[in-house]
Amino acid sequence: MSNAEEDLSLVKNFIDGDETSFNRLVLKYQQKIYWHARRMTGNHFDAEEVVQEVLMVIYKKLKGFEFRSSLYTWIYTITSTRSINFINRRKVKESFSIDDESFIDLKSDEKIIHNIETKEKLEKLDKILQLLPLKQREVFILRNFDEMNYEEISNITGKSIGGLKANYFHAFKKVVELMKEDNNG
Amino acid sequence: MDDRILQYLDGQLSESEKRDFEKELNSSPKLKKKYDEYISSQSELNDLRNIEIDKTYFNGIVPEFRRRVEVKKKTKRIFSFSFANSLAAILILYFVLKPSGNDLNLNEIAKNWTANDFDNAIEYVEQPYTVSDITDNYNTAELDSVISGILTNELNLSSNNNSYLIDNSLDYNKISAQINNTETNNLYNKILNKKYF
């Protein structure tokens, strides 16, 4: 059974009332959702929250999903939108001084990544990605980490392929500069 | 220079452009140095594509989701409905009775909110539930009764005043035409200072 056929079957079973099919869909896509959210938000604590929000949206909207795009693209669209919404909400909260950085459990990585070297590398990447403007960050993550082609990214973001390439190149240049600075400093 | 390197790494060059680029790479130390920087960063990024993280976290995602679904089912409808009314009341009264020259001051409105109020407000504005999600679950009589109950609680009224709470014949434009600016300001300030939820 192909990937798309498997998705179709799980969605149909879920619509027919089989809740375990939803669980199987989550198991299939949860890592992709987590890592996209993690790279967008820059920490495990926020990514964890976005993952749950994304699942809630999928759960509520899946019954109306008509397979006009692939389920994979649809899930990424939701994940990306929810991540951006979350980041914007975080900015608003910060501007109202309701939360401060101490609210984020910066040690939460220790619970999920046991290798110290990997943890440090990931923290460095989180830091660098957070320095990219949101739209550039989104394109960079979709292209570089989620390994999507520009057409898929265009379907997710609604942006033109030319604009996406420009964003990706800007982001890549900046990442290389920041990595160089970090390695030298 | 950077753009050509990026186009090359991103597979955007044609066959002949690729050949030209590779030729130049072999003859230009400056280009080669820059190219190596990109390759080194790319390699670091590639290492971070497949990070192994504790399986316990991923194993816990579905149970945590199911727990949240249960909690939402129990609480969401009533809260959304109550909050919808509060927010609608604030917005309707603000726009109808808005004191001239004053803009909506979000800082003023939000200053007494707790972090939880704030989360709820944002969540409501993002609208995971539509009005029809709420109204579809009640018939007209039940809906009136729920609204009256919420308003009675909020306004601390005795239950026999319920019949005055919902009056669909009210025309807010007529009300605003009959009150002066001072009264409008007083009402506006009362609305701002009232804790609705």
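The structure is a predicted model, in which local features need pLDDT of at least 70 and side-chain atom pairs count only at pLDDT 80 or more, while totals for chains, interfaces and linings use all residues. Residues are numbered from 1 along each chain as its sequence is written, and chains are lettered from A and ligands numbered from 1 in the order in which they are written.

Chain A contains nine helices and zero strands; helices (H or I, at least four residues) and strands (E, at least two) are DSSP runs numbered from the N terminus. Of the 185 residues in chain A, 35% are buried. A residue is termed buried if 20 or more other C-beta atoms lie within 10 Å of its own, exposed if 12 or fewer do, and partly exposed in between, with C-beta atoms placed from the backbone. Two residues are in contact if their C-beta atoms, placed from the backbone, lie within 7 Å. Among chain A contacts between residues at least 6 apart in sequence, 67% join residues at least 24 apart.

Apart from neighbours within four places in sequence, A:A37 contacts A:A47, A:V50, A:V51, A:T79 and A:S83.

A:F67, in the loop between α3 (44–61) and α4 (71–95), has a positive phi of about 60° although it is not a glycine. A:F67 counts as exposed because it has 11 C-beta neighbours inside 10 Å. A:E147, in the loop between α7 (134–145) and α8 (150–157), is likewise not a glycine and has a positive phi of about 50°.

The contact between the chains takes 34 residues from chain A and 28 residues from chain B. On the chain B side, α1 (2–9), α3 (29–47), α4 (55–59), α5 (61–97) and α7 (115–126) each supply at least two residues. Helix α2 (residues 15–27) of chain B has zero buried residues among its 13, so it lies largely in the open.
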